[in-house]
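Here is a briefing on the fold and the chain contact of one model. Please look at the structure first.

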Amino acid sequence: MINIDHIDRAEAMRYLSCRDESNSGVVAEYLDQCERLVLEALNPKYTYKYFPLDFCGEKPVLTDCPLSLEGKDIAAHLAGCRGVIILAATDGAGVDALIRQLQVENMAAAVIADALAGAAVEEILNKAEVEIKERYGNMYFTERYSPGYGDLPLNIQKTILNILDAQKRIGLCVGSGGLLTPIKSVTAFIGVSKNPLRKERCRCDSCNMRETCRYRKEGKSCGL
Amino acid sequence: MDFKSLLQEDGFILLDGGMGTMLQANGLVPGDIPEIMNVTHPELIESIHKSYLDAGSMVVYTNTFGANRSKLEGSGHTVSELIGAGAAIARKAVSSASHKAYTALDLGPVGQLLEPTGSLSFEEAYNIFKEQIIAGADTDLIVIETMSDLYETKAALLAAKENSDKPVICTMTFEESGRTFTGCSVSAMAMTLEGLGADAVGVNCSLGPDGLYDILDELASSVSIPIAAKPNAGLPNPETGAYNTTPEEFARQTARLSEIGVKIFGGCCGTSPEFIRLLAKELEGLRPIKREVRKHSAVCTPAKTVVIDQPRIIGERINPTGKKCFKEALMNNDIDYILGQAIEQVRAGADILDVNVGLPDIDEKEMMVRTVKAIQGVTDLPLQIDSTIPEVLEAALRVYNGKPIVNSVNGEEKSLSVILPIVKKYGAAVVGLTLDENGIPKTADERFAIAQRILDRAMKIGIPKEDVFIDCLTLTASAEQDAVMETVKAVHRVKNELGLRTVLGVSNISFGLPNRELVNCNFLQMCLTNGLDLPIINPNAALMTGAVRAYKLLTGIDRNSMDYIRAYKDVSFSSSATPKDSSQSDGSKSGETMNLSYAIENGLKGEAGKITAELLKTTDPMDIVNEMLIPALDKAGDDFEAGRIFLPQLILSAGAAQSAFEAIKNNMSGDKTVSKGKVVLATVKNDIHDIGKNIVKVLLENYGFEVIDLGRDVEHQAVVDAAIEHDVRLVGLSALMTTTLKDMEATVKLLHENNVNCKIVVGGAVLTPEYAEKIGADFYAKDAKETVDIARRVYGVT
């Protein structure tokens with residue numbers, strides 16, 4: 001059982017494009033109630049598998065795994081690694097139901113719950129990472145990298161979930177459009193290395209949103 | 001002996017163990033499609049079947065768990081090819097076995113989540129299973145296994161029952177919490193699947209045998225059909241995938257499940273023939289026990305079971321009779337209005353919601369199906385399907401997720417002969433009205449006699465007594481005063497002499513009288529005291545809901561007054577715009593007169609409506625709109641753009657403005673309108689992330705636009721059709737993911753190809769102005785506020 005008892009509100013506020021000063025008044029009250037509702041509806045789950053990694057030229061190749069990792073960004077991310085953890089996490093279907101319900105009842109609450117639910121998946125991923133790092137002590141890890149980042153395509157979700165047997169293990173599926181359901185779910189790769197990894201380059205360089213990003217315009221980063 | 005007869009015999013039935021486990025041990029790579037081995041390695045599959053048969057299995061599952069249209073897409077193989085091959089291999093293995101054995105067509109989940117969480121419709125899921133069932137005709141029984149969604153299980157079971165005459169075993173997979181991943185409880189699974197005619201139910205996969213003990217124990221006390229258990233070999237190691245229970249432990253623990261009444265045994269992930277061989281040995285010398293099955297009246301959705309062991313409130317508000325706004329909503333396909341009515345009743349304390357969408361000029365069947373699905377997407381309260389048309393009832397029963405109530409059958413022969421078989425087929429409960437060809441009898445005795453007749457007929461076709469609820473019918477006290485006590489007496493007799501649950505529409509009693517609620521409330525109390533279980537009332541009427549709560553408190557049903565106290569401490573979003581009472585949060589304004597712009601700025605919904613109603617006495621409606629409402633909204637919009645307020649606050653302000661608009665709308669005569677124009681909105685095909693589109697919708701409506709909301713995952717053509725049908729000047733499309741942008745592009749293209757005379761605005765997280773231009777959209781909107789600005793520009797309104 002994974003226990004999530006709080007959600008990073010600052011993260012949720014960031015999803016809402018809210019700066020800290022708005023964390024007051026009516027929004028703060030909503031945050032309290034919505035956090036409680038999201039935590040109640042949450043059925044946090046994660047699952048992961050480790051695969052040894054080789055490089056065929058620049059291209060990373062997973063051993064005993066039908067997944068092909070296309071694109072230069074994931075190759076750069078995994079450079080120097082000898083293994084990959086494929087990880088999936090979900091808030092569960094109850095959170096989707098809560099957000100649907102709130103959209104009928106009170107859209108402002110729905111928007112806040114939606115942001116909190118997004119932040120909650122990050123909490124679950126963090127818990128998973130703690131477990132992974134304990135299990136693979138003495139190793140070095142990259143940050144999480146997800147389909148949709150850079151040029152890593154989203155259409156590998158179906159294969160990822162098949163590899164993880166994710167429907168059976170955590171109730172996570174892919175819809176006909178290649179989107180994860182329940183909606184508040186994430187898949188990610190974590191590179192594993194025996195040796196220290198050099199500091200990662202700025203994620204913004206490969207981000208699809210680099211031209212329109214509000215944070216980048218302000219000289220900041222979204223932190224992903 | 002066929003398998004159905006075997007189920008009736010007094011022995012255990014031994015299934016096989018894991019197939020995937022065996023295949024992986026033989027070189028199957030995770031992520032590959034195991035069913036393809038039916039054609040590439042048939043001898044391997046056959047040898048696995050044979051080793052299970054040698055271990056003592058009486059049933060082998062075909063290697064067809066994931067052989068469905070959805071999972072095989074792009075594999076180069078067809079459903080009929082792989083299932084046909086799988087069935088033939090199993091048949092061959094069984095025919096050479098040393099003991100009588102059976103082949104089971106194995107059906108696992110489709111692999112996509114069904115609506116409302118996913119986008120796969122119930123009907124599509126049904127067709128996917130139907131194709132598999134037809135392809136697997138040469139098997140002896142059907143197993144539906146590893147299900148976590150009750151809705152999907154229902155689609156599969158219905159497909160099995162309607163396209164074959166084989167016995168069906170349904171097993172679902174549960175977490176330690178006693179729920180499935182989708183939140184389905186054991187009780188909901190039990191009553192729904194038994195009602196739909198499953199021949200056996202049980203649990204597979206999930207956990208090890210010990211972990212399933214309590215779940216199976218609850219199941220065993222809830223159904224009278226045989227129970228199956230096919231546990232995993234304990235829990236897997238996340239690193240290696242190896243399971244942690246030895247064959248000996250597994251066999252011992254699994255055999256122990258016989259003491260709670262499990263009759264059918266096998267193994268799932270991590271088990272091998274050795275597990276089954278030892279299990280067979282453990283079961284030797286044991287006999288299935290006779291189970292005590294709890295008989296009670298109950299209805300459910302996957303997440304909520306309502307046991308009718310005490311008064312339960314049926315909310316009556318989803319019904320157009322005598323409600324102008326509701327009728328209008330039905331005519332305009334405004335499902336959100338109906339959902340609002342549903343949630344309001346949930347918050348007010350309803351236990352079950354009656355759903356009636358009957359109106360002469362609409363397609364009631366289509367509307368009913370849509371409404372039932374939509375309501376089940378936002379609340380887990382069970383529903384009472386209310387229609388006079390059998391086809392409407394049947395269509396609703398098909399798509400309902402769980403066990404509902406049918407409202408209603410009556411003592412007329414043609415009603416009994418048409419309605420009861422439908423109720424039986426779908427395993428519903430039914431309301432029986434005590435009237436017949438001769439109308440409503442005057443006396444309690446005559447109504448009792450009809451109740452008796454309805455019960456006899458229901459039981460004759462196999463509807464259990466517990467599922468028949470009798471409505472002794474309320475007549476209007478002002479017109480037929482003497483009939484009041486006849487109704488009360490009839491309730492008493494039906495409850496006490498027939499032992500049936502009773503249901504009654506209460507509000508009708510006071511029709512034509514002043515101070516109706518007083519009469520309703522007293523009549524309700526009289527009926528509750530005389531045995532009424534299911535009052536149909538308006539739960540939003542605090543006095544009525546309170547009367548039921550007080551009754552439960554006073555009769556000791558509500559132990560320690562827990563529910564009563566909780567009910568009156570609750571705070572909900574719907575009670576006011578802000579979670580806390582608004583008077584607390586705007587201390588600065590207390591004592592002063594609040595004006596409309598203040599109310600809008602601070603998102604005070606209730607106040608905005610009240611102030612507007614007050615203003616309407618002295619001010620022209622259009623002046624209120626143009627001089628107060630729009631400027632206040634504009635200010636909120638400007639503040640949002642400048643980063644002074646943020647999305648939730650903007651939505652709250654807009655919500656307050658809408659309640660002002662509504663006050664104005666109610667005040668205006670029929671032909672006048674405050675509508676600024678119609679806009680079609682859709683989240684494009686294949687995309688199910690629709691919250692952004694819904695925010696746009698709310699804002700547009702708040703600004704006075706009429707929105708035709710096509711929902712999410714919308715076919716390209718449907719957008720074109722709606723734009724033409726409603727003759728709109730603006731269509732808004734949203735897409736969240738890079739993968740669905742192509743559908744946005746295709747929709748835009750189709751609008752252009754059809755020369756639809758409208759502008760197109762697009763938005764969504766990954767969209768850019770450049771991309772919007774490239775695909776031929778007229779506008780890119782970076783957020784909901786900008787969409788409103790664009791709509792105002794397109795319609796030339798301020």
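Predicted model: local features only at pLDDT ≥ 70, side-chain atom pairs only at ≥ 80, totals over all residues.

Residues are numbered from 1 along each chain as its sequence is written, while chains are lettered from A and ligands numbered from 1 in the order in which they are written.

**Chain B overall**

- Chain B holds 32 helices and 23 strands. Helices (H or I, at least four residues) and strands (E, at least two) are DSSP runs, numbered from the N terminus.
- Chain B is as compact as a globular protein of its length, because its radius of gyration is 30 Å, close to the 28 Å that the globule rule gives for 798 residues. The radius is taken over C-alpha atoms, and the rule is 2.2 Å times the number of residues to the power 0.38.
- Along the principal axes, the C-alpha atoms of chain B fill a box of roughly 95 × 75 × 50 Å.
- Of the 798 residues in chain B, 55% are buried. Buried means that 20 or more other C-beta atoms lie within 10 Å of the residue's own; exposed means 12 or fewer, partly exposed is in between, and C-beta atoms are placed from the backbone.
- Among contacts in chain B with a separation of 6 or more, 75% join residues 24 or more positions apart. A contact needs C-beta atoms, placed from the backbone, within 7 Å.

**The barrel in chain B**

- Eight strands of chain B close into a barrel with parallel pairing, in the order 11-12-13-14-15-16-17-18. Two strands pair if DSSP finds at least two bridges between them.
- On average, neighbouring strands of this sheet are turned by 30° against each other, direction ignored. Axes are lines fitted to C-alpha atoms, for helices over the stretch in contact, and angles run from 0 to 180 degrees between N-to-C directions.
- Strand 15 (residues 429–433) and strand 16 (residues 468–471) of chain B run parallel, joined by four bridges. There, B:L433 stands opposite B:D471.
- Helix 18 (residues 444–460) of chain B packs on the sheet and touches strand 14 (405–410), strand 15 and strand 16. Its direction makes about 160° with that of strand 16 of chain B.

**Strand 18 of chain B**

- Strand 18 (residues 534–537) of chain B is covered on both faces: B:L534 and B:I536 are buried on one side, B:P535 and B:I537 on the other.
- Strand 11 (residues 314–318) of chain B pairs with strand 18 in the parallel sense over two bridges. B:I536 is the bridge partner of B:I314.
- Strand 17 (residues 501–505) of chain B also pairs with strand 18 in the parallel sense, over three bridges. B:I536 is the bridge partner of B:G505.
- Strand 17, helix 20 (residues 516–529) and strand 18 of chain B make a right-handed β-α-β unit. Right-handed means that, with the strands pointing away from the viewer, the path from the first strand over the helix to the second runs clockwise.

**The sheet in chain A**

- Five strands of chain A form an open sheet in the order 2-1-3-7-4, with antiparallel pairing. The edges are strand 2 (59–62) and strand 4 (140–145), each pairing on one side only.
- Strand 3 of chain A has eight of its eight residues buried. It pairs over eight bridges with strand 1 of chain A, and strand 3 also pairs over eight bridges with strand 7 of chain A.
- A:Y46 stands opposite A:A89 in strand 3, and A:G83 stands opposite A:V192 in strand 7.
- Helix 5 of chain A runs at about 145° to strand 3 of chain A, whereas helix 6 of chain A runs at about 95° to that strand.
- Seven of the eight residues of helix 6 of chain A are buried. A:D165, with a positive phi near 55°, follows helix 6.

**The contact between the chains**

- Chain A gives 57 residues to the contact and chain B gives 55.
- Helix 4 of chain A supplies the largest share of the chain A side, nine residues.
- By class, that side has 26 nonpolar, 22 polar and nine charged residues. Nonpolar covers Ala, Val, Leu, Ile, Met, Phe, Trp, Tyr, Cys and Pro; charged covers Asp, Glu, Lys and Arg; the others, Gly among them, count as polar.

Terms used: Contact = placed C-beta atoms within 7 Å.
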